[in-house]
2 protein chains.
Amino acid sequence: MSTALNRLGALEAARKLQRRELTAEQLVRACFARIEQRENTVHAWTALQKQAALDRAQELDRGALRGPLHGLPIGVKDLFDTDDLPTRYGSPIYERHRPGLDAASVALCRGAGAVVVGKTVTTEFATYQAGPTRNPRNEAYTPGGSSSGSAAAVADEMVPFALGSQTAGSIIRPASYCGIVGFKPTFGGIPRAGVKSLAESLDTVGGFARSVPDVALFASVLMRDPRMLDLAYDGKPRIGMYRSLQWRHAQAETKEAFAQAAAILSRAGAVVEEVPLPPEHCVLVQLHSDIMAFEASQSLAYERLEHAAQLSSKIQAILDAGARISAEEHLKNLARAAESRARVDTWFDKYDVLLAPSAAGEAPFADLGTGDPQFSRAWTLFGLPCLNLPFATGPQGLPVGLQLVGKRYSDHSTLAIAAWVHQRLLAANAPDIGASDMWPRG
Amino acid sequence: MSTALNRLGALEAARKLQRRELTAEQLVRACFARIEQRENTVHAWTALQKQAALDRAQELDRGALRGPLHGLPIGVKDLFDTDDLPTRYGSPIYERHRPGLDAASVALCRGAGAVVVGKTVTTEFATYQAGPTRNPRNEAYTPGGSSSGSAAAVADEMVPFALGSQTAGSIIRPASYCGIVGFKPTFGGIPRAGVKSLAESLDTVGGFARSVPDVALFASVLMRDPRMLDLAYDGKPRIGMYRSLQWRHAQAETKEAFAQAAAILSRAGAVVEEVPLPPEHCVLVQLHSDIMAFEASQSLAYERLEHAAQLSSKIQAILDAGARISAEEHLKNLARAAESRARVDTWFDKYDVLLAPSAAGEAPFADLGTGDPQFSRAWTLFGLPCLNLPFATGPQGLPVGLQLVGKRYSDHSTLAIAAWVHQRLLAANAPDIGASDMWPRG
């Protein structure tokens, strides 16, 4: 029986744990059984602590309920500081690093009863130098990055939830490639204290689960917002379909998923409209990229100045690009971004959410890198809440997701509408594609 | 001769160092001589590294010029991570903490040739539980907080520059109480990586020096903006005099300094106008305070959940206040702040800078705490660049400063106008008050 427990979604497991129908120890053991079976293929973890996790689970089983995450095993991206596990930020510079404290988000999860089973692979400082993680659907492919291990571990049913972060597309893209739900809240929604900084005006903490309600359970704790435990929605959402100016880079499977979703949601009663693409959005990918490069070259000053020899050529290229941007230009870029952001905010007078591609298509081969964040850069720059909703399957049999974008500071209603949308997409799509085995059940 | 070298301002010392008319070793020795003479009275430091600083100075003297800060000794607020010195964040929780890396701002200073002589006292996690530091002008009084040690060390001529940070009024207030220049750039202007997070939408890194050009020298490095090395300004600035809705809390010395400054600057050719106070600004102090409390309770989740017994009652009260604010209310507060910020941004169509009180008046007695940040909360909430300009003297013979507020992303022109303003204030005021001995010379 315990072999299937690892497949439980976070919310279902939490309910059983709260009713004491399931012990934390059983769940943690099931997760470790899955990890032991699959880790040699998936390589999602940089560090695991089986005994400490079991001790903590037993302590929770013996004691009173600790909170909404009581007994839930989680993975933590190795960009987040942890008191009890090595924290390497994906870099050899930090091979023996022990930060001596927990990131605030890790502490919030633990405080609500979660059990940290280990740290998950991140690319180097959350940029592009890939770690060893493979896509659990097919190990020839990348899981995406930078939250590679967190996405892969959740997709492979090793844990029901994992913490991640996004500066360009590091939550939405791996969630899409791995076929799970990824959630990036409104900029600033989850505390970043104790997460290695890459680009301050962009870095956003979020996470991965296998359904919208599962990710919302964690968001309720991380954002301290109990409204997220109730995702009831009985409206008819107004959905703006935003192809994006990167549409020409979208592969056939993404274009088809986008069109199918519009048809399904329209039939389900949503008001679905194509958003006219503002020509000035053509600068957003470069604008995001320049802001990220400048800020990375500032935030990673210690590594750049004191440990340059241990930086990969990939991150060195970003830092060099950042160093070529003047402060004068950077301040203009920030002002441009603020103007563009204010204009997009007004779109939400007309639409409740936007639907956009999550990535160009299926995951690329692992040896081609972790994929391109181009479909996420604008939304991260705007700081809007985003989810990846796994939906279709591409020609290689790999997942294809769609990105749902919500209104600033409206994370609760964004999650509620995302649950409504995802339920309808899955209900309509499952019979056609038959690849929903990894997607949320029930 | 070497006894007076510690009195050199950063820019003058830098010029002598660049011309090799002064060695870094001489300067570091002079600073340590001053520290050894005065530290038992001032208590500015949590850790000092004399031998390491001398070794580094000798290395700089032997080698090529490293950058614009070549050979300059600096202090670092103990809220900033350092690789080579203990980092305690003003809390017993971190009594033996060694973060294993330098904050990005520290790395930028070192990379440009600065010599870190030690860490300076911060209040507990940059809030209100005072450390041992006393006002160097009169040790019965507080130096202000939270950057207590950095302000005191610079004011007492122990170092020409020190790093600080502001979440409410932690740079402007101690600079005013100690009679030096404090600079808080536009929000995000200096990287925060490696600085303990208190409230993410407010925390801003800045610093202290004894003149505007001295602080601008460091800003040029920290913001990577060489324009700040040239503060020439030949315009006639349009200055909005903003009393603030806390005017009723301003003491006589502040009201007089404010009126005097208006008269002096008007005579000097500036266009000086009183800004009508928007009634809706009456909420800003509370709005800032609520946003700070909510975010602090999130950012300090690890300390709050795992080490509560070692938190002071003062910070516990802030965290409790934060815990009573719902996420729904917090998101509304952020939206309110954004609206108010956007309106104030438009004031800079009419004014080049604003002039406002820095604090209610002179420093309070040390046993009354570190003073009230009420005159800085709104500007921190708006994320605008601010300087304290030391100007007058109060009834106890202690300094009184004025706060100059600039336009977002216009840190360079703000500093240039601040230099123009400060020069005129000091020229007009010095004969009257005769307390300029601590203020910039030449």
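Reader: Before we start, what does "buried" mean in terms of relative accessible area?
Author: Buried means under 20% relative accessible area, while exposed means over 50% and partly exposed lies in between. Please keep in mind that this is a predicted model.

Reader: Is Trp379(A) buried or exposed, then?
Author: Trp379(A) has a relative accessible area of 2%, so this residue is buried, the limit being under 20%.

Reader: Which residue forms an aromatic pair with Trp379(A)?
Author: The partner is Phe382(A), in an edge-to-face arrangement with 6.1 Å from centre to centre and 70° between the planes. The search of the whole structure found 20 aromatic pairs over all chains.

Reader: What about Thr380(A), where is its place?
Author: Thr380(A) is in helix H13 of chain A, and this residue is buried with a relative accessible area of 0%. With residues up to four places away in sequence left out, Thr380(A) touches Gln166(A), Thr167(A), Ala168(A), Lys184(A), Leu202(A) and His288(A).

Reader: Where does Gly383(A) sit?
Author: Gly383(A) is in the loop between H13 and strand E10 (386-393) of chain A. At 4% relative accessibility, Gly383(A) is buried. Neighbours within four places in sequence aside, Gly383(A) is in contact with Lys184(A), Thr186(A), Phe187(A) and Arg408(A).

Reader: Changing topic: where is Asp81(B)?
Author: Asp81(B) lies in the loop of chain B between strand E2 (73-77) and helix H4 (104-111). Its relative accessibility is 10%, which counts as buried. Beyond its neighbours within four places in sequence, Asp81(B) has contacts including Tyr89(B), Pro99(B), Lys119(B) and Gly194(B).

Reader: Which ring does the charged end of Arg243(B) sit over?
Author: The charged end of Arg243(B) is over the ring of Trp247(B), 4.6 Å from its centre. In chain A, Arg243(A) lies over the face of Trp247(A), at 4.6 Å from the ring centre.

Reader: Now helices. At what angle do H9 and H11 of chain B pack?
Author: Helix H9 (residues 284-299) and helix H11 (residues 313-323) of chain B pack at about 100°, with 7 Å between their axes. That angle makes H9(B) roughly perpendicular to H11(B), because angles from 65 to 115 degrees count as such.

Reader: Which residues of H9(B) and H11(B) meet?
Author: From H9(B), Ala293(B), Phe294(B), Ala296(B) and Ser297(B) meet Ile318(B), Leu319(B), Ala321(B), Gly322(B) and Ala323(B) of H11(B). The contact of H9(B) with H11(B) comprises seven nonpolar, two polar and no charged residues.

Reader: How do the axes of H1 and H7 of chain B cross?
Author: Helix H1 (residues 10-18) and helix H7 (residues 212-222) of chain B cross at roughly 60°, and their axes come within 7 Å. Ala10(B), Leu11(B) and Ala14(B) of H1(B) make the contact with Pro213(B), Asp214(B), Leu217(B) and Phe218(B) of H7(B). Six of these residues are nonpolar, none is polar and one is charged.

Reader: One last topic, the backbone. Which residues does a cis peptide bond join?
Author: In chain A, a cis peptide bond joins Gly145(A) and Ser146(A), with omega about 5°. Ser146(A) lies in the loop between strand E3 (115-120) and helix H5 (148-155) of chain A. In chain B, the peptide bond from Gly145(B) to Ser146(B) is cis, with omega near 5°. Most peptide bonds are trans, and most residues other than glycine have a negative phi.

Reader: What is the phi of His43(A)?
Author: His43(A) has a positive phi of about 55°, although this residue is not a glycine. His43(A) is found in the loop between helix H2 (24-42) and strand E1 (45-48) of chain A, and is partly exposed at 31% relative accessibility. Arg224(A), likewise not a glycine, has a positive phi of about 50°.

Conventions: Residues are numbered from 1 along each chain as its sequence is written. Chains are lettered from A and ligands numbered from 1 in the order in which they are written. This is a predicted model: local features need pLDDT of at least 70, side-chain atom pairs count only at pLDDT 80 or more; totals for chains, interfaces and linings use all residues. Side-chain values use heavy atoms; hydrogens and water are left out. Rings of Phe, Tyr and Trp (its six-membered ring) pair if their centres lie within 6.5 Å; planes under 30 degrees apart count as stacked, over 60 as edge-to-face and the rest as tilted. Buried means under 20% relative accessible area, exposed over 50%, partly exposed in between (1.4 Å probe, protein chains only). A charge sits over a ring if NZ of Lys or CZ of Arg is within 6 Å of the ring centre and within 35 degrees of the ring normal. Axes are lines fitted to C-alpha atoms, for helices over the stretch in contact, and angles run from 0 to 180 degrees between N-to-C directions. Helices (H or I, at least four residues) and strands (E, at least two) are DSSP runs, numbered from the N terminus. Angles under 35 degrees count as roughly parallel, over 145 as roughly antiparallel, 65 to 115 as roughly perpendicular and the rest as oblique. Contact means heavy atoms within 4.5 Å. Ala, Val, Leu, Ile, Met, Phe, Trp, Tyr, Cys and Pro count as nonpolar, Asp, Glu, Lys and Arg as charged, and the others, Gly among them, as polar.
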